[in-house]
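Hello,

Here is the structure for you to look through. My notes on it follow below.

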Amino acid sequence: MIVLLTGDDQHAIQEQLNQYKAEIDAQWLTLCYHRFPADRLDQAISVARTRSLTGGKKLVIVENCHLKQWGDTELETLQQLVQVPEFTILVFVATNVDKRLKIYKHLAKYAKLFEFPLIPPWRTDLIEKAISTQAKKIKLVLSKNAVEYLAEAIGNDMTRAATELRKLYIYSIGRQLELAEVKELVPCQTQNSLQLASAIRQGESNQVLHLLDDLLSRSEPLMVIIATLLTQFRTWLWVKSAIVSGIKKDSELAQLCSISNPNRIYYLRQEVANTSINALTKAVTMMLDLEMSIKRGTDSGAVASHRASSKDLLLIILSVSRLFKLT
């Protein structure tokens with residue numbers, strides 16, 4: 001079996017990998033469980049082609065495959081996919097892939113695609129459902145108010161959700177946890193990212209510095225911060241563009257901007273009322289460039305790259321904030 005796992009929801013992807021790993025006989029993991037970086041594709045395929053010595057299943061994982069790093073040599077290597085035995089589980093993992101690439105089209109002939117996109121931050125209903133599902137899996141009982149708070153406090157970071165829920169399970173000792181207890185144990189961090197977006201849009205540089213420093217001091221992942229900001233600014237841009245183009249009905253705005261809750265349009269209208277569409281466009285472009293820059297730094301895995309990315313984040317966000325201070 002050959003599969004391609006792609007998306008920003010790293011927790012969901014890891015859960016899928018764990019399911020594949022669970023199919024391997026635990027006593028033979030050393031022989032039947034293999035992980036390779038994308039730049040060792042030839043070795044990964046060679047191992048995948050070899051039948052398991054135990055006669056059971058073998059799991060081979062190739063990580064960080066955004067496919068653009070592969071050329072004709074790798075395409076030739078992938079011609080060997082047809083030789084992968086039935087009982088080998090060969091998994092390619094990518095944050096995102098360009099489906100127009102020749103190498104993707106070849107891979108798609110043999111691999112089944114599973115996509116794991118992050119839940120949009122504003123889809124609190126889906127976030128609450130995901131948190132409830134995770135809680136039930138570990139037999140953690142939460143009140144409705146506690147689930148709603150966790151959705152606000154954690155946002156769409158399902159990796160953090162899993163960590164916090166395990167902590168709450170240990171604390172609960174089998175009883176239902178109420179809102180007050182959950183608030184004491186789980187700090188609200190995602191809300192600060194949304195507050196940061198609002199501060200940037202309002203050109204409040206001092207508040208931007210304060211909120212960003214707070215997020216970084218708690219080791220909030222750079223990509224989580226950028227993902228929240230980018231999603232929020234894209235939504236503002238879509239709504240502002242639709243309003244400028246003459247669309248007046250909230251239902252039409254919601255449909256055009258892919259906003260599931262039309263009631264949210266009322267607040268979005270107020271937020272973009274005095275905001276320049278040019279500033280929003282520039283902001284989204286700058287953040288997209290920043291996202292790509294940070295991803296390249298993350299792929300390198302170097303500490304120096306992380307420090308540079310943090311500095312880039314600060315400089316770009318302050319530059320974006322100044323765009324709105326001038327409007």
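The side chain of threonine 88 has a polar atom 3.3 Å from the backbone oxygen of alanine 48. That falls under the polar contact rule: a pair of N or O atoms within 3.5 Å, where within protein one must be able to donate a hydrogen and the other to accept it, and residues adjacent in sequence count only if both atoms are side-chain atoms.

First, the ground rules. This is a predicted model, so local features need pLDDT of at least 70 and side-chain atom pairs count only at pLDDT 80 or more, while totals for chains, interfaces and linings use all residues. Residues are numbered from 1 along each chain as its sequence is written, and side-chain values use heavy atoms, with hydrogens and water left out.

Back to threonine 88. Its relative accessibility is 2%, so threonine 88 is buried. Buried means under 20% relative accessible area, exposed means over 50%, and partly exposed lies in between (1.4 Å probe, protein chains only). Leaving aside residues up to four places away in sequence, threonine 88 touches Met1, Ala48, Thr50, Lys58 and Val60. Contact here means heavy atoms within 4.5 Å.

Threonine 88 sits in strand 4. Strands (E, at least two residues) and helices (H or I, at least four) are DSSP runs, numbered from the N terminus.

Two strands pair if DSSP finds at least two bridges between them.

Strands 2 and 3 (residues 58-63 for strand 3) run parallel and share 5 bridges. There, histidine 34 is opposite valine 60 of strand 3.

How many residues of strand 1 are buried? 5 of the 5 (residues 2-6), so strand 1 is largely enclosed by the rest of the structure. Ile2, Leu4 and Thr6 are buried on one side, Val3 and Leu5 on the other. Strand 1 is joined to strand 4 (residues 88-94) by 5 bridges, and to strand 5 (residues 112-115) by 4. Leucine 5 has a bridge partner in each: valine 93 in strand 4 and phenylalanine 114 in strand 5.

Next, the rings. The whole structure holds 4 aromatic pairs. Rings of Phe, Tyr and Trp (its six-membered ring) pair if their centres lie within 6.5 Å; planes under 30 degrees apart are stacked, over 60 edge-to-face, the rest tilted. Phenylalanine 233 and tryptophan 236 are edge-to-face, at 4.9 Å centre to centre and 90 degrees between the planes. Both are buried. Ring pairs link Phe233, Trp236 and Phe324 into a cluster.

Last, the cysteines. The search of the whole structure finds 0 disulfides (cysteine sulfur atoms within 2.5 Å). Cysteine 32 is buried at 1% relative accessibility, and cysteine 257 is buried at 2%.

Best wishes
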